[in-house]
Amino acid sequence: MRILLLVSAFNSLSQRLHAELRDRRHTVDVQLAGDDEELLETVGRLKPDLVLAPMLRTAIPRKLWSRLTCLVVHPGPPGDRGPSSLDRAIQEGRTAWGVTVLQAEAEMDAGPVWAWAPCLLPEYGKSDLYRNEVADAAVAAALLAVERFASGTYAPQPQSGPGWSAAVRTGPVLRQEERRIDWATDPTEEVLRRLRAADSRPGVLDELCGGTWYLHGGHREPELRGRPGELIATRAGALCRATVDGAVWIPELRRHTPGGPAGVKLPAVTALGGLLPALPEATAPLMPEEEDGPVWSDLRYREEGPVGFLRFSYPGGAMSTGHCRRLLAAYRFALARPTSVLVLGGGRDFFSNGIHLNVIEASADPAVESWDNITAMDELVDAVLTTTDRLVVAAVGGNAAAGGVMLALAADEVWCRGGSVLNPHYRLMGLYGSEYWTYSLPRRVGAAAAERLTHQALPVSAATAERIGLVDRVLACGPEEFERRTAHLAGLLAASPTTQQRIAAKKAARDADERTKPLDAYREEELAVMHRQFFTPESPYHALRSAFVHKRPVATGPTARA
């Protein structure tokens, strides 16, 4: 079939459905919502069989849904209605949830149901859940709905009448008045629910250091204490704030400017800058003792026999210059340990999306910060590529894009969760790219496929990535199982009698490649292009980066059809 994805933004779920539908031989087009006349013109020109809206903030016009079946993916179970469904579910502490695919009609979320799938809501932030448990359920329900529509025999279930048993629950937009934290009375669990329910957008509006800020994300602190509402420590760019019965870590802030432009979400310490009072840096051990308990950190190393696990997790998958340098130091620490297999990553959310565009945009000199960031990223990738005394596995539990994909490709093996989406390209940001991609990508998929991937700039499903050789193994499991499954497989790899032979062969292959063309040559060629793109004011990169950071629509997007 020809399917038109109607989206307010080509976000993670939209990208995953785009890739999954193309895998199933559907022809898929994407249209940004907002201009009804343009939408109707696009529909008239493309003549899709079906419109599917996986992420939509506005209503579908009557002129469209009255003459063409339009299916809306709603992040709530049957009977749930309203624009803040997932936010409310998390803030209310619900643990069981679901996703419903329903037909667009005049009343929002009230059309007949084509499919739905249940999901759990473990204690993670909204954006993490949306990309994982919710996305898994959304894809399952959407693919089933598409299959039912294609059959021509399925009758969707009306949300009324004798066949309908779910209670209807309609909630309005969850406004800041309901999200607000009362630091003097709210216990830690309540604070965390409110922070998690708003971690990506819109954040929780609050007052800090004489200004108003949106707080993004929250993690429990088990030991530090202070007066309720007091800032008591920093760690890796995050702020620790005391509650009435504990404390929480807040990784990111966004300035609130009433009537002005929207602020940029930044690491909390960076956002406050000179407004932040002197606070102690409460460092967390990279390799904690087992009795240390659940201490939050964005970097963690552990071992199971001959296998080392270096886990990292950054909001939105963005890696600033500082993130790259700290991860490189941790990687070098891991290399000094007596292991034969090193697993890089393994978390349940983003692996990496490459350089930190928000930090770059907010810096005093974006060109210089871009350069510092990409060179720090290159140093990290170089360290992985030149590791020849053990096998390195990149464990991609979530999505990855641009330099984050190339970081994974620097490893000997790439293991991917079945729900991951990869974007192995830079073009939509107006960049040529670095991170040794001109070495790593063709080495894996061949020159022709590398050219196609970087030129088309389309999302790639985990299944397709395995088929074309971009990844080595796809783990068909839920996000909560990925780390355990990865650890089991890494243990088997370390115990294999061929592992030492593979390590020796790897070193020989790296030496041979270096003689043919040194890694430094790839890097110099890539950075020569990147330097021009960073330091030329008219370069499309600057306008595209600014539009991306400030959530302004741009003309670029997926145009290829399958």
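Colleague: What stands opposite valine 248 in strand 14?

Modeller: In this predicted model, arginine 241 stands opposite valine 248 in strand 14.

Colleague: How do you know that strand 13 and strand 14 pair?

Modeller: Two strands count as a pair if at least two bridges are found between them. Strand 13 (residues 238-242) and strand 14 are linked in the antiparallel sense over 4 bridges, so by that cut-off they pair. A hairpin of 4 residues joins strand 13 to strand 14.

Colleague: What makes strand 11 a partner of strand 14?

Modeller: The reasoning follows the cut-off of at least two bridges. Strand 11 (residues 219-221) and strand 14 have 3 bridges, in the antiparallel sense, so they too pair. One of the residues involved is glutamate 221, whose bridge partner in strand 14 is alanine 247.

Colleague: Which way do the residues of strand 14 point, and are they buried or exposed?

Modeller: In strand 14 (residues 247-250), Ala247 and Trp249 point one way, Val248 and Ile250 point the other way, and all are buried. In a regular strand the side chains alternate between the two faces of the sheet.

Colleague: Why is aspartate 109 called buried?

Modeller: The word buried applies under 20% relative accessible area, and aspartate 109 has 8%, so it is buried. Aspartate 109 is found in the loop between strand 6 (96-103) and strand 7 (113-120), and its phi is near 65 degrees, a positive value in a residue other than glycine.

Colleague: Why does tyrosine 436 count as buried?

Modeller: Tyrosine 436 has 0% relative accessibility, which lies under the cut-off of 20%, and therefore counts as buried. Tyrosine 436 lies in the loop between strand 23 (421-423) and helix 14 (437-445), and has a positive phi, near 60 degrees. Most residues other than glycine have a negative phi, and most peptide bonds are trans.

Colleague: Where is a cis peptide bond found, and what is its omega?

Modeller: The peptide bond from arginine 201 to proline 202 is cis, with omega near 5 degrees, and proline 202 sits in the loop between helix 8 (188-196) and strand 9 (204-208).

Colleague: How many helices and strands are in the protein chain, and what makes it as compact as a globular protein of that length?

Modeller: The protein chain has 20 helices and 25 strands. Its radius of gyration is 24 Å, close to the 24 Å that the globule rule gives for 562 residues, so the protein chain is as compact as a globular protein of that length. Of these 562 residues, 57% count as buried.

Note on methods
Residues numbered from 1 in each chain as written. Predicted model: local features only at pLDDT ≥ 70, side-chain atom pairs only at ≥ 80, totals over all residues. Heavy atoms only, no water. Buried < 20%, exposed > 50% of the residue type's maximum accessible area, 1.4 Å probe, protein only. Helix = DSSP H or I, 4+ residues; strand = E, 2+ residues; numbered from the N terminus. Rg over C-alpha atoms; globule rule 2.2 N^0.38 Å.
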